[in-house]
Amino acid sequence: MPALAHTSRAIARTWAAHPLPVARAACAATQTQTQTRDISNVSQATGSSSFDSPFKGAGSTTKVPSFAAYRNKGGEQGPRIFQYFMVGTMGAIASLGAKNTVQDVLVSMSASADVLAQAKVEIDLAAIPEGKNVVIKWRGKPVFIRHRTEDEIKEADDTKWESLRDPQPDSDRVQKPEWLIMLGVCTHLGCVPIGEAGDFGGWFCPCHGSHYDISGRIRKGPAPLNLEVPAYDFPEDGKVVIG
Ligand code: FES
C-alpha cells in the first residue's frame, strides 16, 4: 500500500503542472484528499498510544492566585520612567562616592604642609658680603651660597675646564657670576665640605680629601663629580629663591 500511495502522489504532482486549468483543479482535489487521508491515519495511530502523566490531579487541585490587584493601571511607561530615574540617580551617587574616595587617597599621599613649606627657600642676598660664604638648609641638605669677588670670577673663568674630571665651564654653573649656589654635599660619599679650604681656594672635603675649586668643580681627590647646582631663581634684585 505505501507503493500505491507514492505512485498516486507522483501522478498528482505531474498533473499539477498541466496547462489545462481543469486538469490542475482535479489534481489539487486529489492532493487534498490524499493529505486528509494521511492526517486521519496519523490521528488514528496517535489515538491508540497511551501516556500516563506523572502529575495526576494537579490541574484540579492547584489554585493560581490573581495578581490583577497588583498590576500597574497606567501601562508600562510609568514604571519605565521610574526605573530610568532610579538607575540614573544610583549611578550619579556611586560616581560621586568613587570620586571622593580617589580624591581622599590622593590627598593623603601628597606632601604635608610643613614639607611644602620647605620646598622653596627665599634668601636675602644683601646680607651676604662679597667674598663670604653662607650655608643654609634646604630640604634637609646644606646649600652653599658664595658671593664671589672679581678675582674669583676671573679664576673660575680662566680654568681649562675641558681637561677636568667632570668638565663644565663656570658659565654653566652660575646664573649671575658673582653668586655661586650649590649643594654642600660631597659627591664622593656625602660629607659636607669645608669652605675657603683646599688646594684650589674653594672647598675641601676632609672625609677622604676631595678638593673643589671656586666654581665647585672637583679638582683633586676621590669625588667623581662637581658639587651639584640646585634649581634656583632670582625673582628680584637682592633675592634668590632656591627650589
Ligand atoms: S666624602 Fe668627601 S671625599 Fe669622601
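This is a predicted model: local features need pLDDT of at least 70, side-chain atom pairs count only at pLDDT 80 or more; totals for chains, interfaces and linings use all residues.
Visitor: How many helices and strands are in the chain?
Guide: Six helices and 10 strands. Helices are DSSP runs of H or I with at least four residues; strands are runs of E with at least two; numbering starts at the N terminus.

Visitor: Why is arginine 148 called buried?
Guide: Buried means under 20% relative accessible area, exposed means over 50%, and partly exposed is in between (1.4 Å probe, protein chains only). Arginine 148 has 1% relative accessibility, so it counts as buried. Its place is in the loop between strand 3 (141–147) and helix 6 (150–158).

Visitor: What is arginine 148 in contact with, leaving aside its neighbours within four places in sequence?
Guide: Contact means heavy atoms within 4.5 Å. The partners of arginine 148 include Glu130, Asp170, Glu178, Ile214 and Ser215.

Visitor: What makes the approach of arginine 148 to isoleucine 214 a polar contact?
Guide: A polar contact is a pair of N or O atoms within 3.5 Å; within protein, one must be able to donate a hydrogen and the other to accept it, and residues adjacent in sequence count only if both atoms are side-chain atoms. Here a polar side-chain atom of arginine 148 lies 3.3 Å from the backbone oxygen of isoleucine 214. That value is within the cut-off.

Visitor: Which polar partners does the side chain of aspartate 213 have?
Guide: The side chain of aspartate 213 reaches the backbone nitrogen of serine 215 at 2.8 Å. It also makes a polar contact with the side chain of arginine 219, at 2.9 Å. Aspartate 213 is in strand 7. At 1% relative accessibility, aspartate 213 is buried too.

Visitor: Is arginine 173 buried or exposed?
Guide: Buried, because its relative accessibility is 3%. Arginine 173 lies in the loop between helix 6 and strand 4. Its side chain joins that of glutamine 168 in a polar contact of 2.9 Å. Arginine 173 and glutamate 228 are 55 residues apart in sequence, yet 8.9 Å apart in space, C-alpha to C-alpha.

Visitor: How do you know that strand 2 and strand 3 pair?
Guide: Two strands pair if DSSP finds at least two bridges between them. Strand 2 (residues 133–138) and strand 3 have six, and they run antiparallel. One of the bridges sets asparagine 133 against arginine 146. In the hairpin of these strands, with two residues between them, arginine 139 takes a positive phi near 55 degrees.

Visitor: What makes strand 3 largely enclosed?
Guide: Six of its seven residues are buried, so the rest of the structure largely encloses strand 3. Strand 3 also pairs with strand 4 (residues 179–183), antiparallel, over five bridges. There, isoleucine 145 stands opposite isoleucine 181.

Visitor: Why are strand 5 and strand 8 called edge strands?
Guide: The open sheet has four strands in the order 5-6-7-8, with antiparallel pairing. Strand 5 (194–195) and strand 8 (218–220) each pair on one side only. Inside that order, strand 6 (residues 201–205) and strand 7 (residues 210–213) share four bridges.

Visitor: Which strands pair with strand 10?
Guide: Strand 1 (residues 121–124) is joined to strand 10 (residues 239–242) by four bridges, running antiparallel.

Visitor: What makes Phe82, Phe85, Met86, Met90 and Ile93 a patch?
Guide: Like charges are joined within 9 Å, and nonpolar side chains (Val, Leu, Ile, Met, Phe, Trp, Tyr) within 5 Å. These five form a nonpolar patch on the surface, with about 550 Å² of accessible area together. Areas come from the Shrake-Rupley method with a 1.4 Å probe; for residues, only the protein chains shown count as cover. Methionine 90 lies in helix 4 (residues 77–109).

Technical notes:
Residues are numbered from 1 along each chain as its sequence is written. Side-chain values use heavy atoms; hydrogens and water are left out. Patches are made of residues with over 30% relative accessible area and no salt bridge: like charges are joined within 9 Å, nonpolar side chains (Val, Leu, Ile, Met, Phe, Trp, Tyr) within 5 Å. A salt bridge is a side-chain nitrogen of Lys or Arg within 4 Å of a carboxyl oxygen of Asp or Glu.
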